[in-house]
Amino acid sequence: MGYVDEVLERVRTKNAAEPEFLQAVEEFMESVRPVIDANEDLYRKEAILERITEPDRQIKFRVAWVDDNGQAQVNTGYRVQFNNAIGPYKGGLRLHPSVYIGIIKFLGFEQIFKNSLTGLPIGGGKGGSDFDPKGKSDREVMAFCQAFMTELSKYIGADIDVPAGDIGTGAREIGYLFGQYKRIKNLYEGVLTGKGLTYGGSLARTEATGYGVLYLTEELLKCNGKDIAGKTIAVSGSGNVAIYAIQKAQQLGAKPVTCSDSTGWIYDPEGIDVALLKEVKEVNRARLTEYAAKRPSAEYHEGKGVWSVKVDIALPCATQNELLIDDAKALVANGVQAVVEGANMPTSLDATKYLQDAGVLFVPGKASNAGGVATSALEMSQNSERLSWTFEEVDSRLKGIMVNIYHNIDDAAKRYGKEGDYVAGANIAGFEKVCEAMIAQGIN
C-alpha cells in the first residue's frame, strides 16, 4: 500500500463520524497523489500527510448566555487551528445549528490550501458554534457573542489567529465580538477581519468573495476562448457571496437569473434585481417570498431547484454539498459550460467528477472563493500599517490575486499532466507552498 492510501485509511478510521472532513481530505489526497508519489520517501520520512491532516489544536468550549426572557442558554463553541506553516491561523466563524467539530475541521482543512493560493502569509483555521442568530434580537446576539469571545479570546491574536465572518456571522456579530475582545484584552489590534469601516475594516471586504468568484470566472472563460458577457448564470444562495457575485456578474455583462435561501428559490428571467435582493436580505432579513411579491417577473419555488434552470454558468454560493449528482446531470443536459464554486465544497465528489468527465470547466471553492480571505489579509495589512486603502486600490489587488490564482492552478495541473483539472491544480498549488514551509521549519 502506498503512502497516500496508508494515511487515507488512518484518517478514515480516526475520523469516521466526520463525513465532511473525510470528503475534503479524500478529494485533496487524490489530487496530490502524483506529487506525493514523485517524492514518497521524503514525504513519508517527514510524515507530511499525517501532519497536514491533523490540526495543530482543536478547541471546544461551552458558551452560556441569557435570552430576552431571562432564560440561560448553552451552546458549544469551536476553534480549530489547523496549520500555521505560512502565517497566522486565518478563517471564519460559522454560526449555524449544523455546526459540529467535523464541519469546522473540513472548513479549516480547506482553508489551509485556499489561504496558500492567495499568495499571502496566512495559515488555515476555522471556528464557530451551533448558535443560530436567525430570529434572535440584537441584545441576544450581543449576549452570545460576548460569551463566545470571552472564551475564544484566550487563543487568538493579531499574530496568532485572526478569525473572520462566515455563515451567520456578519457585520453585527463581528462588531460585538471585536468589542468584547478589546474589553477583555485592553488591546486595539486587528484580531478580527470583516470589521466595520469606522473601526479598522477594509473597503471592498463585503464584496470581496462574490467579486473574486467572478474575476476568476472571467479569466477562466477568457483563457478557454469564451466571453462572460451575454452568459446566463444560475446562482445559489442569497447571502454575502451570492449577492455580490450577482452584482459583479451584471457589471461584467452577464445575466444571473436565480438565487435561493433555506426555504426556496427564485427564477427571474429578466435578471435578478440586486437592489431588491439587498433590501430583502440585508435590510429586512426576510425570506425570498418577499422578493417575489415585489418583483412581477420573478417565480418563487419551494425547496431546491436552482440547478434545473437552463444556464451557461453555475455558481454554487450557499453551503457544502448543495450541488449533487442529479443536479450535475441536469446542468450538463442543459448545456452548462462552467461551474465555479462560491461556497466551501458545495459540490459532492461524484457530481464534481461527472461535471469534469462531461467537459464542463470546474473550479473548486478553495481557489474561486479565496477572494474573501485574500481581502481579509489585505485588511490585516492595513491594520498593521494603521492605514486605510481606497475601494479601487483594494479591488484592484483583489482582481490581481484572483487572476494569479487561476494561472497558478492552471500551471500546476499542466505540470502534472492534468491540464484542465482545476481541482487537482488547486490542491497541488496550495499544497506545494505549505509543504515546502513545513519541511523548512522541521518537525513541529
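In which helix does alanine 426 lie? In this predicted model, alanine 426 belongs to helix H17, which covers residues 422-440. With a relative accessible area of 0%, alanine 426 counts as buried, because that term applies to anything under 20%. Beyond its neighbours within four places in sequence, alanine 426 is in contact with Leu117, Pro364, Lys366, Ala367 and Ile409.

Serine 116 is part of helix H5, residues 101-117, and has a relative accessible area of 4%, so serine 116 is buried. Leaving aside neighbours within four places in sequence, serine 116 touches Ile86, Ala429, Gly430, Lys433 and Val434.

The strands come next. Strands of a sheet pair through backbone hydrogen bonds, either parallel or antiparallel. An open sheet of 5 strands has the order S7-S6-S11-S12-S13, with parallel pairing. Strand S7 (255-256) and strand S13 (361-363) stand at the edges of this sheet; each has a single partner strand, so one side of each is left without a neighbour in the sheet. Helix H8, made of residues 205-223, packs on the sheet and touches S11, strand S12 (338-340) and S13. The direction of H8 makes about 150° with that of S12. Within the sheet, strand S6 (residues 232-235) pairs with strand S11 (residues 313-315) over 3 bridges in the parallel sense. Here isoleucine 233 stands opposite isoleucine 313 in S11.

Another open sheet is built from 3 strands in the order S8-S9-S10, and its pairing is antiparallel. Its edges are strand S8 (258-260) and strand S10 (299-302); each pairs with a single partner strand, so one side of each has no neighbour in the sheet. From one strand to the next, the twist averages 20°. Strand S9 (residues 264-267) and S10 run antiparallel and are joined by 4 bridges. Glycine 264 has glutamate 302 as its bridge partner in S10.

A further parallel pair is formed by strand S3 (residues 89-95) and S5, over 4 bridges. In this pair, tyrosine 89 stands opposite aspartate 161 in S5. In a regular strand the side chains alternate between the two faces of the sheet. Which residues cover the two faces of strand S5? Asp161 and Pro163 lie on one side of S5 (residues 161-164), with Val162 and Ala164 on the other, and all of them are buried.

Empty space within the model was examined as well. Rolling a probe the size of a water molecule over the atoms shows where empty space is left. The search gives 1 cavity of 30 Å³ or more. About 60 Å³ of space lies in the largest cavity, and its lining consists of Glu27, Glu110, Glu341, Met345, Thr347, Thr352, Phe362, Pro364, Gly365 and Lys366. By class, this lining holds 3 nonpolar, 3 polar and 4 charged residues.

What is the volume of the second largest pocket? The value is about 330 Å³. This pocket is lined by 15 residues, and those nearest its centre are Glu27, Glu30, Ser31, Gln356 and Val423. Two or more lining residues come from each of helix H1 (3-14), helix H2 (19-38), helix H13 (349-357) and H17. H13 gives the most to this lining, with 5 residues. The classes here are 4 nonpolar, 3 polar and 8 charged residues.

Finally, two loop residues deserve a look. Asparagine 186 sits in the loop between helix H7 (171-185) and H8. The phi angle of asparagine 186 is near 55°, a positive value in a residue other than glycine. Is asparagine 186 buried or exposed? Its relative accessible area is 71%, so asparagine 186 is exposed. Arginine 285 lies in the loop between helix H10 (274-283) and helix H11 (289-294). Its phi is near 50°, again a positive value in a residue other than glycine. Arginine 285 is exposed too, with a relative accessible area of 56%.

Note on methods. Residues numbered from 1 in each chain as written. Predicted model: local features only at pLDDT ≥ 70, side-chain atom pairs only at ≥ 80, totals over all residues. Heavy atoms only, no water. Buried < 20%, exposed > 50% of the residue type's maximum accessible area, 1.4 Å probe, protein only. Contact = heavy atoms within 4.5 Å. 1 Å grid on protein atoms, 1.4 Å probe; cavity = no way out; pocket = protein on both sides within 12 Å on 5 of 7 lines; lining within 4 Å. Points joined across faces, edges and corners; volume = space filled by probe spheres on them. Nonpolar A, V, L, I, M, F, W, Y, C, P; charged D, E, K, R; others polar. Pairing = 2+ DSSP bridges. Axes fitted to C-alpha atoms, helices over the stretch in contact; angles between N-to-C directions.
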